[in-house]
Each structure stands twice: as C-alpha cells, then as structure tokens.
Amino acid sequence: MVDFVHVGLPKAASTWLQDVFFHDHPELAVLGSRKGDGELHVPFTREIRRLVVGGDLSADVGAFAATVRELAQRLRERRSAAGHTIRVTGISSEVLSGRWPTGENSRFLAGALRQAFPAAKIVLILREQRSALESTYKEFVRLGGTGSFRRFLLDPVNVHGFVHDDRPRHSHTIEFFKYSRLIALYRELFGRDRVHVDAMERLRDDPDAFAARLSTFLGVGAHTPARTRANPQLSPAALLLLRALNHGCSTPYHHRYGPMPLTALLLPFARRRMHDGEALRANRWLLRRRVSSRLQHRLADAVLPVADRWLLRHLPGAGRFRFDRLPTELQRFLVGEYAADNRALAAMVDLDLGGLGYAG
C-alpha cells in the first residue's frame, strides 16, 4: 500500500513536493500534504512524530506501519472517488531523515522504514549545504529561536551536543548536511536502483525536467507542476524583528523561563476561551506556555508575513543570515568539510555537483 517514501531533508523543497507536485499529480495519493485531506494529515503527522521522537527506545514500528497503511488506503480511496486514477501511493515527511535540526535517529528511521515498507522506493532531494544552513537557521528563528547564525551552528544548547567531544566544531547540525552517509545507508537498505536522488537546484533551474525524472522513477505519467512557491521565507528585516520578539515567547522548540509580558496580557482572555477543560485551566504553567507558543506562531505565520508584503521586505538586514558573514575561519572549515563529503557523494549519484554550486 506504500509504494514510495519521500525522506525529506531540511529546507530542500519538501513542502513544494507535498503541496504542489504530489498533491496535484492525478496518479498519486501521498500522505504528507497539508492541502485538503486534513482529516488524514493530523493522524499521519502524529504517527511520524511518534516514530521520529521515540527512536529505538519506544517506537513500535509494526503499529506505525499498520496505521500508515490504513491512512494511505483511505487517501487512495478518497482521491479515486474524486475522479483520479491512482497508480502509486506514498508518504512524505521532512523529518524522516532525522529529528530537526540535528538528524537525530536518522539511522534508526532508515531501518524502521525498511522494516515497515521493504518494497518501497525512496526519494531524497538534496540542497547545497551553505544555502541549506542559511535556510535552516531562518526556520530556527521562525520557530522561536533567538541565537545568532554562528551560535545556532555551534552552541550545544541549540545543536544538542557534538559528534566528538574532542572536535568542538563538529556539531550535529553541521554534520547533518553531510549527505553521503545517508545516501549510502538507504542504498544499502533498499538497493541502489530503488533510491532516487535529485537536487533542489535542478528543481529551481528546470521544474519540468525535475518533475519528469521523478515521475519516471515513480512509474507514473508525466505531470507539469504549477509554477508556485511553497513555504516562502520571511524577509531578513522580518526575521530580525521576529528574533527580537521571540525573547518574550516560549515555544515547544525554545523554552523561555523569564518574563513574558505579552503572554501575561493574553492569559485572562485565554482562560475564558480554552477548550481543554478544567484541568488545563488549573495548570497555570502549562496554560502560560501554550498561550505563549500560539502567540509566537501567530506572529511568525500570520502577522509578520502581512507586514512583509507592505513594508518589511523593503528594509535592509540580509547580512545577519548569510553564510559569507560568518567568521572566515568557520567558513573555511565548513567548506572543507562539505567539499570532502561531496567528493564521496559524487561517486554515488548522477549529479554534476560542481556545476550546481556544491563545494568540491
């Protein structure tokens, strides 16, 4: 029932694939899109989160596989009833490559997918590492982060430690974007011919050719994707403002323990509007965090995008988020690390990495 799995990498066109290509293709039924199918998307996301966070300590791979197959069957039936001729069913998630932003549990997840769907094909889309780091840092700010770009890369609080204690620049976030090990792992588990690797840069340069290669691999007819962007980033000025506002908010990704004045102003209204019952209203600490998280989410996903369209995108501020503004020594270290990995990667994939701008 699950013919392929899109193992999404951070900020590598996963939302575009889910909401544009997979969702609009008339021969595909793919769990993972937030467009429509919300009744199925919520339980699917819950199962993915349980698998990714649980890892090999608490995850029940058999139960995960059974639930996902049942959801996929329901989606296939729903799309067939709507007039589509479904030939291929799949799942897509941007955290199946490992818990964001460090790739935690990536090896376990590959094995779990092999156990759950042994005959599935695998789709992996790469993104040039320097660009990926910039975009991942912007996502870090959008989800409540306040640290600088350099701190995001190297601070153990943000990156959950280092690969080796005696190599203090090898953080898990930096190591996550060394793709060769992940590609080698999936080829070992599923077979070389069942792993499709492409680059986001080729999608940018020629969306039709990108879609044609993917359609051929999946065994469905050609489909011309809509010319639309998915999940656009805030402007640099809006991100600077959001990073300042994040100091007063607590989110599931970034906990705050100091004063949160905006949250305090909203608490009296929240108590009257909560639908979680008396128990939550009685737990003032949990209520405070939930209100704060919803406030930050509204600022990041509703208020600032509107301000961006009218004013903020015209203001300066790009330098804080660019790779070439990192200290020269750190830039040199990162380029050297990724160049070495890209040389190993080039032997595995049919991509002109140098021509696409990858260090090498």
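Modeller: Before we start, one definition: a helix here is a DSSP run of H or I with at least four residues, and helices are numbered from the N terminus. Keep in mind, too, that this is a predicted model.

Colleague: Good, then let me try a helix end. Which residue just after α9 takes a positive phi?

Modeller: That is Gly 191, with a phi of about 100 degrees.

Colleague: Which residues of α9 are buried?

Modeller: Here is the general idea. An α-helix has 3.6 residues a turn, so residues three or four places apart point the same way. Now the case: the buried residues of α9 are Ser 180, Leu 182, Ile 183, Leu 185, Tyr 186 and Phe 190. Their packing partners are β1, β4 and β5, together with the helices α4 and α16.

Colleague: Let's turn to the sheet. In what order do the strands come?

Modeller: In general, strands of a sheet pair through backbone hydrogen bonds, either parallel or antiparallel. Here, 5 strands form an open sheet in the order β2-β3-β1-β4-β5, with parallel pairing. β2 (28-31) and β5 (195-199) are the edge strands, each pairing on one side only. On average, neighbouring strands are turned by 20 degrees against each other, direction ignored.

Colleague: How many bridges join β1 and β3?

Modeller: β1 (residues 4-7) and β3 (residues 88-93) pair in the parallel sense over 4 bridges, and His 6 stands opposite Ser 92 in β3. β1 also pairs with β4, again in the parallel sense, over 3 bridges. There, Phe 4 stands opposite Lys 121 of β4. Going on from β4, its parallel pairing with β5 has 5 bridges, and the partner of Val 123 in β5 is His 196.

Colleague: How many residues of β4 are buried?

Modeller: 5 of its 6 residues are, so the strand is mostly covered; buried means under 20% relative accessible area.

Colleague: Where is the cis peptide bond?

Modeller: The cis bond joins Trp 100 and Pro 101, with omega about -5 degrees. Pro 101 lies in the loop between β3 and α4.

Colleague: Next, helix pairs. At what angle do α1 and α11 pack?

Modeller: At about 70 degrees, with the axes 13 Å apart. The range from 65 to 115 degrees counts as roughly perpendicular, and therefore α1 and α11 are described that way. Trp 16, Leu 17, Phe 21 and Phe 22 of α1 meet Phe 210, Ala 211, Leu 214, Ser 215 and Leu 218 of α11. Sorted by class, this contact has 8 nonpolar residues, 1 polar and no charged ones.

Colleague: And how do α5 and α16 cross?

Modeller: Their axes come within 10 Å and cross at roughly 125 degrees, so α5 and α16 are oblique to each other. Gln 129, Arg 130 and Leu 133 of α5 make the contact with Leu 334, Val 335, Tyr 338 and Asn 342 of α16. The classes are 4 nonpolar, 2 polar and 1 charged.

Colleague: Let me zoom in on that last residue. Is Asn 342 buried or exposed?

Modeller: Asn 342 is buried, because its relative accessibility is 3%. Its place is in α16, which spans residues 328-346.

Colleague: With which side chain does Asn 342 make a polar contact?

Modeller: With that of Gln 129, at 2.8 Å. Not counting residues up to four places away in sequence, Asn 342 touches Leu 353, Tyr 358 and Ala 359 as well as Gln 129.

Definitions and conventions
Residues are numbered from 1 along each chain as its sequence is written. This is a predicted model: local features need pLDDT of at least 70, side-chain atom pairs count only at pLDDT 80 or more; totals for chains, interfaces and linings use all residues. Side-chain values use heavy atoms; hydrogens and water are left out. Helices (H or I, at least four residues) and strands (E, at least two) are DSSP runs, numbered from the N terminus. Buried means under 20% relative accessible area, exposed over 50%, partly exposed in between (1.4 Å probe, protein chains only). A polar contact is a pair of N or O atoms within 3.5 Å; within protein, one must be able to donate a hydrogen and the other to accept it, and residues adjacent in sequence count only if both atoms are side-chain atoms. Contact means heavy atoms within 4.5 Å. Two strands pair if DSSP finds at least two bridges between them. Axes are lines fitted to C-alpha atoms, for helices over the stretch in contact, and angles run from 0 to 180 degrees between N-to-C directions. Angles under 35 degrees count as roughly parallel, over 145 as roughly antiparallel, 65 to 115 as roughly perpendicular and the rest as oblique. Ala, Val, Leu, Ile, Met, Phe, Trp, Tyr, Cys and Pro count as nonpolar, Asp, Glu, Lys and Arg as charged, and the others, Gly among them, as polar.
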